[in-house]
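Morning, everyone. Let me put the structure up, and then I'll walk you through a few places in it.

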Amino acid sequence: MNTETDLNTRLTREADSFFRNGGTELDLSQVLNRAGEIRRGRRMRATMLMAACVLAIAAPTALVVTNRHVTTQPQPTQHGRVDESPLALGDLPVGDSPHHGFSEDGTWQLRVAANGLGGLRGQVAAAAAVKDGAMVAMRRESGEMTAYFIYEQGGVSEQSWPMESGSAFAVSDGGNVAAFVEPDGTVVAVQDRGTQSFELGTIPRGTGFTAVAVDYEDCSEGAACNVYAATRGGEPETYLLQPGTTPKALSPALAHTTDVSSGRFAGFTSISDTGSCSAVRDAKLTTLWKSCDHRLLAFSPDGKHLLASGAYGDGMGDGELAVLDSDNGKVVLDLKTAAEGVLTQMVWEDDEHLLAVMHQPGRWAVLRIGLDGSREYAVEPVKAEDDTASPFVLPTL
Amino acid sequence: MPTTVREMRVDEGPDAAHADFASWMAARQGRLLRTAYLLTGDVHAAEDLVQTALAKLYLAWDRVADAPSVDAYARKVLVNEHTSMWRRLWRHREVVSDTSTHEVPVRGEEYDGVGAALWSAVRALPERQRAVVVLRYYEQLSEKETADALGVSLGTVKSQASRALTTLRTHLGDRDDLTGWEAHR
């Protein structure tokens with residue numbers, strides 16, 4: 001008997017002991033009850049938000065202030081010009097294609113189709129819009145990812161970099177620097193149209209991290225560049241990496257950071273099976289505002305707004321797209337999807353517009369959504385070859 | 001545009017999809033429970049993990065029922081649910097343990113001490129290594145299938161499996177009374 005077979009035998013025996021140790025099979029009713037709890041969690045938050053909207057109109061002074069620093073999330077301003085009808089792949093106008101490019105069926109779409117992208121192997125798994133082009137991560141059949149700089153008019157950087165599987169890019173506000181994490185935990189900053197790259201240090205825990213923010217346009221030796229990298233799962237942790245210094249683990253209060261802008265950290269404060277709470281904090285860990293109605297995804301390029309979604313997320317897509325005022329958490333826009341509609345990716349396109357990949361039975365499309373709720377197709381609906389996997393990848397900013 | 005299978009399900013009514021899910025669950029939950037038990041090391045945590053994973057699968061059933069492999073999809077939901085920070089934080093908040101049932105291993109006819117030691121060593125592995133061990137050596141998935149389920153690269157699966165096996169061998173090698181598993185070192 002070899003080791004692997006022996007291990008299988010031992011594990012099988014241990015797995016079978018689940019029932020000997022008192023484990024039982026579940027009734028369908030137990031599963032349906034849990035599904036109901038999850039559903040009710042979503043509805044309850046939506047209902048509470050609607051009720052609070054009514055209260056906000058009748059008595060705006062009723063907003064609760066828990067202390068002078070921390071406020072609960074204010075309710076949306078009532079004005080008639082916001083289109084808050086459900087998102088659906090219906091009869092919408094067709095606008096420009098995504099301004100910073102996008103991937104369809106694993107292939108990056110160039111503005112000038114005649115220019116090729118030789119040397120790229122695999123399918124686009126992640127992308128980020130940067131100055132004069134895009135950083136694109138290609139995933140091969142083996143699952144390994146490689147990052148490239150793609151020039152706006154075609155052509156690929158000579159250099160490429162290994163990238164942690166399933167991770168994403170973070171980009172500086174001006175788009176000159178893109179940061180990412182290599183498979184061994186080394187954080188790399190690529191800048192100046194892909195001509196320079198700098199290793200900023202290796203996260204001690206190694207694998208399982210993704211870059212979440214870059215706050216400077218130069219990460220060369222001695223520059224005042226801050227790159228933040230956070231865990232994608234497992235034990236939450238966020239690291240700060242700066243040129244020439246050792247990676248620093250941030251306070252546990254910032255362990256769940258999802259984005260950073262102008263010294264403000266957005267991220268989770270608590271997570272449960274049926275929801276989550278999030279907050280925006282400053283570098284002194286002062287909580288500026290918090291919300292248990294939304295989870296915070298990404299600051300707008302100008303830092304004025306935060307893209308958010310429902311407080312509950314199960315990794316199977318979202319049914320809500322919200323935009324909050326980053327100063328106080330006030331809801332600027334809150335859109336739900338129509339029946340069976342799912343949003344699988346949401347990103348900022350510019351300060352005033354978002355792009356969202358949406359699925360409805362049999363179709364996928366990319367919507368462009370304005371802060372006033374206006375919407376159009378950035379990519380018209382295509383037939384779904386696979387209802388569970390989006391054919392589109394949008395670049396982050 | 002041709003009618004999709006999913007649209008046909010809607011036409012058939014919710015009862016058909018419900019019955020479809022119930023049938024799948026009856027056939028597959030035993031395997032999921034066993035895998036969850038190996039992942040969590042705890043009977044109650046395993047039941048809870050599978051209950052949540054099945055509930056999420058049920059809510060997404062219209063979308064996944066016709067996927068090429070529902071089993072693979074369900075396994076992915078289960079593993080993600082376990083490894084995701086959502087799950088981990090919940091576990092930190094409500095620590096569940098039935099260690100009393102594990103501290104005294106059941107001494108069946110085949111009990112030789114190695115199984116308990118190995119199980120103890122597996123439970124002590126870091127979360128990702130343990131997941132790789134469970135998927136590779138219990139579920140007997142290929143390295144590629146394991147990488148897909150965990151959402152990591154093939155290289156990560158290889159390195160994590162290698163480290164896990166080294167740890168297990170070292171752990172078992174510390175015991176003088178073992179003559180089984182570690183004898184293959």
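One term before we start: helices (H or I, at least four residues) and strands (E, at least two) are DSSP runs, numbered from the N terminus. With that in hand, take Leu285(A), which lies in the loop between β17 and β18 of chain A.

Now the ground rules. This is a predicted model, in which local features need pLDDT of at least 70 and side-chain atom pairs count only at pLDDT 80 or more, while totals for chains, interfaces and linings use all residues. Residues are numbered from 1 along each chain as its sequence is written, chains are lettered from A and ligands numbered from 1 in the order in which they are written, and side-chain values use heavy atoms, with hydrogens and water left out.

Back to Leu285(A). Its phi is positive, about 70 degrees, although the residue is not a glycine. Buried means under 20% relative accessible area, exposed over 50%, partly exposed in between, with a 1.4 Å probe and protein chains only. Leu285(A) has 35%, so it counts as partly exposed.

Two strands pair if DSSP finds at least two bridges between them. β17(A) and β18(A), residues 287-291, have four bridges and pair in the antiparallel sense. Within that pairing, Arg281(A) is opposite Thr287(A).

β17(A) has another partner. Strand β16 of chain A, residues 264-272, is joined to β17(A) by eight bridges, and the two run antiparallel. Gly267(A) faces Ala279(A) across that pairing, standing opposite it.

How many residues of strand β17 are buried? Eight of the eight, over residues 275-282, so the strand is largely enclosed by the rest of the structure. Both faces are covered. On one side are Gly275(A), Cys277(A), Ala279(A) and Arg281(A). On the other are Ser276(A), Ser278(A), Val280(A) and Asp282(A).

Asp105(A) is in the loop between β1 (103-104) and β2 (107-108) of chain A. Its relative accessibility is 54%, so Asp105(A) counts as exposed.

Next, a sheet. It is open, has four strands, and runs β7-β8-β9-β10 in chain A with antiparallel pairing. At the edges are β7 (170-171) and β10 (196-202), each pairing on one side only. Inside, β8(A) (residues 177-181) and β9(A) (residues 186-191) share five bridges. Val181(A) has Val187(A) in β9(A) as its bridge partner.

One more loop. Gly244(A) is found between β13 (238-241) and β14 (248-249) of chain A. With a relative accessible area of 62%, Gly244(A) is exposed.

Chain A as a whole, then. There are two helices and 27 strands. Of its 397 residues, 54% count as buried. Chain A exposes about 16,800 Å², with carbon and sulfur atoms supplying 49% of that. The areas come from the Shrake-Rupley method with a 1.4 Å probe, and for residues only the protein chains shown count as cover.

Now the interior. In soluble globular proteins, nonpolar side chains tend to be buried together. A nonpolar core here is a set of buried Ala, Val, Leu, Ile, Met, Phe, Trp, Tyr and Cys residues joined through side-chain atoms within 4.5 Å. The largest has 62 residues, and those with the most contacts inside it are Trp24(B), Leu54(B), Leu57(B) and Trp61(B). Helix α2 of chain B, residues 14-40, gives the most to this core, with ten residues. A second, separate core has 20 residues, including Leu89(A) and Tyr377(A).

Last, the aromatics. Rings of Phe, Tyr and Trp (its six-membered ring) pair if their centres lie within 6.5 Å; planes under 30 degrees apart count as stacked, over 60 as edge-to-face and the rest as tilted. Over all chains there are twelve such pairs. Phe18(A) and Phe19(A) have ring centres 4.9 Å apart and planes at 85 degrees, so they are edge-to-face. Phe18(A) is buried at 0% relative accessibility, and Phe19(A) is partly exposed at 27%. Together with Tyr37(B) and Trp119(B), these two form one aromatic cluster.
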